[in-house]
Amino acid sequence: MRVPAARGTMAEGRDRDVYTEPPPRTPVADRTTAVPNPVTFFQAVFSYVVDAPVTFVREWIESRQAKNKFYYYHQKFPRVPDLSECMEGDHLCFFEAEAQWRRDRMVDQQIVEIVRERLGACKQREGPNQFQNCAKEMEQLAQVTKAYQDRYGDLGVHGNARTCLMKQKHRMIEERKAQANAS
């Protein structure tokens, strides 16, 4: 086989035996059978039998839900009575108070974490001047941590609303005794 010599453009130096020209049109496949294609038949049946009703029902439901927007991540729980306000033997009230206490504990943990992150960002931003410029954040972290420790400090992993209430009661009794001894 002969390789064409480099002469000007490629169109001039093209060897017609090696590089044949493409056909002018792509040939269309003739249908040689009268039987319809089963794939297109099943696609059409699926579209009308399954897809169209499901789509209609979903759009109908979405149009109803669009009127009443519900943001699940902004759910607000109503405050329930504290454990000290529950009647004796009211197990539903005990359960709700326990759930409320757990939510409050999680919120308090997140508050401590946010203040700690703010202090860390301030320290990172200020560098060597962190003790002067981040004093307000340090004081705020000390206050938030002390409040969290006073409320949830010695409860342990399995702390619950009842033990927290008992801890609060004992702390109040100690404060009254200290106040009585001071006067």
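Which residues form a nonpolar patch on the surface? Select Phe-41, Phe-42, Val-45, Phe-46, Tyr-48, Val-49, Val-50 and Val-54: together they have about 860 Å² of accessible area. Patches are made of residues with over 30% relative accessible area and no salt bridge, and nonpolar side chains (Val, Leu, Ile, Met, Phe, Trp, Tyr) are joined within 5 Å, while like charges are joined within 9 Å. Areas come from the Shrake-Rupley method with a 1.4 Å probe, and for residues only the protein chains shown count as cover.

Before going on, some ground rules. This is a predicted model, where local features need pLDDT of at least 70, side-chain atom pairs count only at pLDDT 80 or more, and totals for chains, interfaces and linings use all residues. Residues are numbered from 1 along each chain as its sequence is written, and side-chain values use heavy atoms, with hydrogens and water left out.

Stay on Val-50, which sits in helix H1 (residues 38-67). Helices are DSSP runs of H or I with at least four residues, strands are runs of E with at least two, and numbering starts at the N terminus. Val-50 counts as partly exposed because its relative accessibility is 36%; buried means under 20%, exposed over 50%, and partly exposed in between (1.4 Å probe, protein chains only).

Now zoom out and colour by secondary structure. You get five helices and zero strands. Of the 183 residues, 14% count as buried. The chain exposes about 16200 Å², with carbon and sulfur atoms supplying 58% of it.

Next, the largest nonpolar core: 17 residues, with Trp-101, Tyr-152 and Leu-155 having the most contacts inside it. H2, helix H4 (135-152) and helix H5 (161-182) each supply at least two of its residues, and H2 gives the most, with seven. Such a core is a set of buried Ala, Val, Leu, Ile, Met, Phe, Trp, Tyr and Cys residues joined through side-chain atoms within 4.5 Å.

Click Gly-159, in the loop between H4 and H5. Gly-159 is buried, at 1% relative accessible area. Leaving out residues up to four places away in sequence, Gly-159 touches Trp-101, Arg-102 and Arg-105 (contact means heavy atoms within 4.5 Å).

Last stop: Arg-105, in helix H2 (residues 91-126). Arg-105 is buried yet has no salt bridge, and Glu-98, the nearest side chain of opposite charge, is 7.6 Å away. A salt bridge needs a side-chain nitrogen of Lys or Arg within 4 Å of a carboxyl oxygen of Asp or Glu. For charge, Lys and Arg count as positive and Asp and Glu as negative, with His and the chain ends not counted.
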